[in-house]
Amino acid sequence: MDRASMRLSVLMPVYNERDTVDIIIDLVRATPGRKEIVCVDDASTDGTSDVLAELLAQGKIDKLHRQAENAGKGAAIRQALSMSTGDVVIVQDADLEYDPSDWPTLLEPILDGRADASFGSRFLGGPHRVLYYWHSVGNRWLTTYSNMLTNLNLTDMETCYKAMRGDLARSIAPQLRANRFGFEPEITARLARADARIFEVPISYSGRTYAEGKKIGWKDGIAAFWHITKFNLFS
């Protein structure tokens, strides 16, 4: 892939992140290279919609779509993917848990032709905020179960940071069905089924507490077991 001409599509699902979305947009814009920022407002109710409209008017984001009703992260990513045109796509949450300064390491395996997709792992040694023990245990259980069905050896299937060749991601998009956090096991299963070459690289992680706005909960963890089973065995 030609590094000089490569265009990156940043797929950003946004739901009730008025305090952080403008900050993360500035961090994304500060990264080197050509990019388009595609934001999907998942029917926010806290004023995020006004912030996004202003960012669009200022030219800080390139494309903006507002969902008619809250449909979940997976649905928002599907919408953003349908609007993307980049040679490579990457998912970026609108909070500050994931740092765009990790992108060069994340994108390298794709840019040098070794990978079709690259996952950023929070468990490969990068700096991270110390938070919930049982969240990390649950993540490892889910990753292990996913690996058993995909025959991959990932360390962090649930990571937000998934970068993919744009043509590959858009070819898989019509198959995607998960609306909420089931997007993570589903896209992993679809990539495995497509025999995509997947790399993992270490990334930093600054997790939030629930008081700070963290949204994923134990019910999503239980649902993830069903999503892993469904998308690997029945879909």
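Reply: Strands β1 (residues 7-14) and β4 (residues 88-91) run parallel and are joined by four bridges. The model is predicted: local features need pLDDT of at least 70 and side-chain atom pairs pLDDT 80 or more, while totals for chains, interfaces and linings use all residues. Residues are numbered from 1 along each chain as its sequence is written, and side-chain values use heavy atoms, without hydrogens or water.

Me: What makes β1 and β4 a pair?

Reply: Two strands pair if DSSP finds at least two bridges between them. Four bridges join β1 to β4, so the two strands pair. Strands (E, at least two residues) and helices (H or I, at least four) are DSSP runs, numbered from the N terminus. The bridge partner of L11 in β4 is V91.

Me: Why are β3 and β7 said to stand at the edges of the sheet?

Reply: The open sheet has seven strands with mixed pairing, in the order β3-β2-β1-β4-β6-β5-β7. β3 and β7 (198-202) each have a single partner strand, so one side of each lacks a neighbour in the sheet.

Me: Why is Q67 called buried?

Reply: Buried means under 20% relative accessible area (exposed is over 50%, partly exposed in between; 1.4 Å probe, protein chains only). Q67 has 11%, and is therefore buried. Q67 lies in the loop between β3 (63-66) and α3 (73-83).

Me: Which residues is Q67 in contact with, leaving aside its neighbours within four places in sequence?

Reply: Contact means heavy atoms within 4.5 Å. With those neighbours left aside, Q67 is in contact with V40, D41, D42, A43, A75, A76 and Q79.
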